[in-house]
Amino acid sequence: MKQKTLATWLAFLFGAFGAHWFYLNQRRAWLYLFLFPLSFFAGCIDALRLGLMSDERWNQSFNPTLPEDTPQSSWLTVVGVGLALAIGVTVMMASLAVLFQWYFVGMAS
């Protein structure tokens, strides 16, 4: 049985390496290893996507032998989604600020 909470936390903490896709037995896990610098953002987005997926869809996609109404979410899932959102947005905004600074300082020189 694949747990949604564990997949969300793997995507948040080790999503840059594609750990959540290895856990879910998906083929695209190797793509994350080749695109490592950009894959941190993809890991945060996947943590949001996996954590916010409905329990019915989760069970249909990753636990087809379980009844669709089996609960998969807990408060740990919500905390993982919240941290992925907060840290992902913070890193993205900081990266954009640095890129804009390099661009505009280079234009002034």
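Where does Asn25 lie?

A: Asn25 lies in the loop between helix 2 and helix 3 (29–34); helices here are DSSP runs of H or I with at least four residues, strands being runs of E with at least two, numbered from the N terminus. The model is predicted, so local features need pLDDT of at least 70 and side-chain atom pairs count only at pLDDT 80 or more, while totals for chains, interfaces and linings use all residues. Residues are numbered from 1 along each chain as its sequence is written, and side-chain values use heavy atoms, with hydrogens and water left out.

The phi angle of Asn25 is near 55°, a positive value in a residue other than glycine. Asn25 counts as exposed because its relative accessibility is 59% (buried means under 20% relative accessible area, exposed over 50% and partly exposed in between, with a 1.4 Å probe and protein chains only).

Apart from neighbours within four places in sequence, Leu24 is in contact with Lys2, Ala7, Leu50, Trp58 and Phe62 (contact means heavy atoms within 4.5 Å). In soluble globular proteins, nonpolar side chains tend to be buried together.

Thr8 lies in helix 1 (residues 4–14) and counts as buried because its relative accessible area is 0%. A polar atom of the Thr8 side chain is 2.8 Å from the backbone oxygen of Lys4. Beyond residues up to four places away in sequence, Thr8 touches Ala47, Leu50, Gly51, Thr77, Gly80 and Val81.

Lys4 pairs with Asp55, their closest N and O atoms being 2.9 Å apart. This pair links distant parts of the chain, with Lys4 in helix 1 and Asp55 in helix 5 (residues 55–62), 51 residues apart. Both Asp55 and Lys4 are buried. Another salt bridge joins Asp46 to Arg49, with 3.7 Å between the closest N and O atoms. Asp46 and Arg49 both lie in helix 4 (residues 36–52), three residues apart, about one turn of the helix. Asp46 counts as buried because its relative accessibility is 7%, whereas Arg49, at 35%, counts as partly exposed.

Lys4 and Asp55 are also among the residues that Gln72 touches, together with others including Lys2, Trp58, Asn59 and Thr77. Gln72 has its place in the loop between helix 5 and helix 6, and at 8% relative accessibility it counts as buried. The side chains of Gln72 and Asn59 make a polar contact at 3.2 Å (a pair of N or O atoms within 3.5 Å; within protein, one must be able to donate a hydrogen and the other to accept it, and residues adjacent in sequence count only if both atoms are side-chain atoms).

Trp75 is found in helix 6 and is exposed, with a relative accessible area of 64%. Trp75 and Thr5 are 70 residues apart in sequence and 8.9 Å apart in space, C-alpha to C-alpha. Gly82 also lies in helix 6 (residues 75–108) and, at 36% relative accessibility, counts as partly exposed. Tyr103, likewise in helix 6, is one of the residues of a nonpolar surface patch that also includes Leu85, Trp102 and Met107, with about 1,300 Å² of accessible area together. Patches are made of residues with over 30% relative accessible area and no salt bridge, like charges being joined within 9 Å and nonpolar side chains (Val, Leu, Ile, Met, Phe, Trp, Tyr) within 5 Å; accessible areas come from the Shrake-Rupley method with a 1.4 Å probe, and for residues only the protein chains shown count as cover.

Conventions: A salt bridge is a side-chain nitrogen of Lys or Arg within 4 Å of a carboxyl oxygen of Asp or Glu.
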